[in-house]
Amino acid sequence: MNKSPLAALLRRMSRRVGSGTVATLAPLLLALWAGFAIVIGDRFFSIDTLQSMAFQMPELGILSLAMMLALLSGGLNLSIIATANLTGLTIAFLLTRYIPGTDGIAWVGVQVVALVAGFAVAALIGLINGFVIAYLRVSPILATLGTMTLCKGLAIGLTHGNVISGFPAPIVFIGNGTVWGVPVALIVLALCALPVATLLNATPFGAKVYMIGSNEKATRYSGVDTRAVLLKLYVLSSLLAGVAAVVMLARFNSANAAYGESYLLVTILAAVLGGVDPFGGFGKVGGLILALIILQVISSAFNLLNLSQFLTLAIWGGILIAVAAVPYLRGKFAR
Amino acid sequence: MPESFIASFSRFRRSHEFWLLIVILVLCASLSLANAQFLTMQNLFDLLTSYAFVGILALGLLVVLIAGGIDISFTATASVAQYVALAVANAYGANWISVCAMAIGIGGALGAVNAILIQKLRIPSIIVSIATLNVFYGLLIFFTAGKYIYSLPDWFATGIFWFEFEWGKDSSYGVNLQIFALAVCFLITWLVLNRTNIGRQIYAMGGNADAARRLGFHIFGLNMLVYCYMGVMAGVASLVQAQLAQSVAPTVLVGKELDVVAAVVLGGASLMGGVGTVLGTFLGLALLAVLQNGLILLGVSSYWSPLFVGFVILISVSVTAWSQRERRTKRAGP
């Protein structure tokens, strides 16, 4: 098998581009783009299509960033969706209850207070997660399973599953507005991704997170206060879920206890597709963004082709297996 | 042999299961004081019937966790097994044996797909099962267009009702399909894990896969068995659920995987592998069942029930982790 021209080509290509996640995902994205361009034609590159992609990606993107942070430390945050919904409901409740009818200082004030209160709720949930995981040493999957059920229970108990809707224009603008043709939500995603990437790659905090993900015990013995790092990390993860909440409630112009529940496992799928090691220690924001674009391109193309969204789900799963198998297959061919 | 009995009891007293049992007994006692409805045969049979689906899945997941892996594709596996088995039964006719064989066969086959992907392509089980969850579920809904099956074969809709007996006036109880399947699955899982060589091998592999490989264990075969077992349990559970619901709904089961995970890990199974017991899983399941049932009997609105479940999970895992840490520091000290 080693002598086949395909293997030789693969070997030469992998030597040229290295063997990172980007080296796998970038050709895949180009191939998908080319394939869909042939099947769908010009419509795939129309401004409308690109804009609708840019509108849909940020929610999943910000939630995936929140999941990625926990994954990098060797943990998991199953409570991101429940956190986002509880945050969204807090903001929605304050906005609909206390907003005055006319514009003015009070009108602006209530919106600011609502957002601040929402992020306070998100931070509180993050503190609980971080405390239970870092200081009580509960495994992250169990701790966040607990807070997930707790937050969802609180949201359902308070709202009885009802929707809260109808927000002032500036809030709705975050989800549906554009600046020079670029959706505001996409800008929000960029404003989350860039600082997170900087934090992870260019600060001592980021280095500590990667170290904890590789070997927590060794990191603690080398003098790092791993508990404080984990606590901050889960608060940050929760706050990102809070940002996702704002984008979601703005886009739907409503909030509910059960929005986006199917996103939970998809965020793990996106992060792992983007090269995040599910056992921690490895993964870059750039890879995640590339993975998100791939998922979005497939989803939008299938939508244009009138194929079921469930087929999209199946293809996403298939792509994840294919990409996850690449390191093993490459090892086999390169021998 | 009173001494060995005392020794094994004192070991049990320190175990996770013991504390779980205490909590459940306290909960049961206070619930039966608060509401006479709780400790009745009727309620007990209803509880077993309605938690059979989660219970059977929990047993499959327990075996996977002990082996050191994880599987969350089982809800999709169950949906596929249920749909295909009962659609075929409707179209071509079938009986209990053939419908069970179909569901078990499909479940086992999908489990084998997981095992092959995990072992042959060296992909972590969590990634594989997240991916196959989406693949199985996506394809099922794509091909069936998400249509429900409302008319089930008569014999299936009727179910079974064995060992009927009277209790009090005009109420009769018997073993229905759900309780029968739950009992059989518990018995088989207990036997496999505690009374067979393979069971010991599964514990050993979950405890230390490298050591097990060097000892000459057939790792691929063991993993194949474990994931197929999970698939078979999903197949059985799917029939139990369809019989109870009296319909097949392809979109209802997916999304419930974390309920099952909660029951198993509340029962003390470790996500790191090598640790977990059938008794613990039963108690974990019982805790969730009694809690939710109790809240309803106490007249708490069902909207609030997840909040209490969340509290119990969080407190239980925190207390367990804390007591383990205490023990470790005590052992490390002078």
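Colleague: What makes up the contact between chain B and chain A, and how is a contact defined here?

Modeller: In this predicted model, the contact takes 39 residues from chain B and 39 residues from chain A, two residues being in contact if their C-beta atoms, placed from the backbone, lie within 7 Å. On the side of chain B that touches chain A, the elements giving two or more residues are α6 (125-144), α12 (257-266) and α14 (305-332) of chain B, and the largest share, 14 residues, comes from α6(B). Helices (H or I, at least four residues) and strands (E, at least two) are DSSP runs, numbered from the N terminus. Local features need pLDDT of at least 70 and side-chain atom pairs count only at pLDDT 80 or more, while totals for chains, interfaces and linings use all residues. Residues are numbered from 1 along each chain as its sequence is written, and chains are lettered from A and ligands numbered from 1 in the order in which they are written.

Colleague: Why is A:Asn253 called partly exposed?

Modeller: A residue is buried if 20 or more other C-beta atoms lie within 10 Å of its own, exposed if 12 or fewer, and partly exposed in between, with C-beta atoms placed from the backbone; A:Asn253 has 14 C-beta neighbours inside 10 Å, and therefore counts as partly exposed. A:Asn253 is found in the loop between α11 (226-252) and β4 (254-255) of chain A, and, not counting residues up to four places away in sequence, touches A:Ser165, A:Gly166, A:Phe167 and A:Val172.

Colleague: How do you know that the buried residues of α2(A) line one face of the helix?

Modeller: The buried residues are A:Thr21, A:Thr24, A:Leu25 and A:Phe36, and, seen down the axis of α2(A), they fall within an arc of 80°, so they line one face; the arc is that of the directions from the helix axis to the C-beta atoms. The face turned away from the buried side carries the exposed residues A:Pro27, A:Leu30, A:Ala31, A:Ala34 and A:Ile38.

Colleague: What makes the buried residues of α7(A) line one face?

Modeller: In α7 (residues 169-176) of chain A, the residues A:Ile171, A:Ile174 and A:Gly175 are buried, and they fall within an arc of 90° seen down the axis, so they line one face of the helix. The buried residues of α7(A) pack against α4 (80-98), α5 (105-135), α8 (184-202) and α11 of chain A, whereas the face turned away carries the exposed A:Ala169 and A:Pro170.
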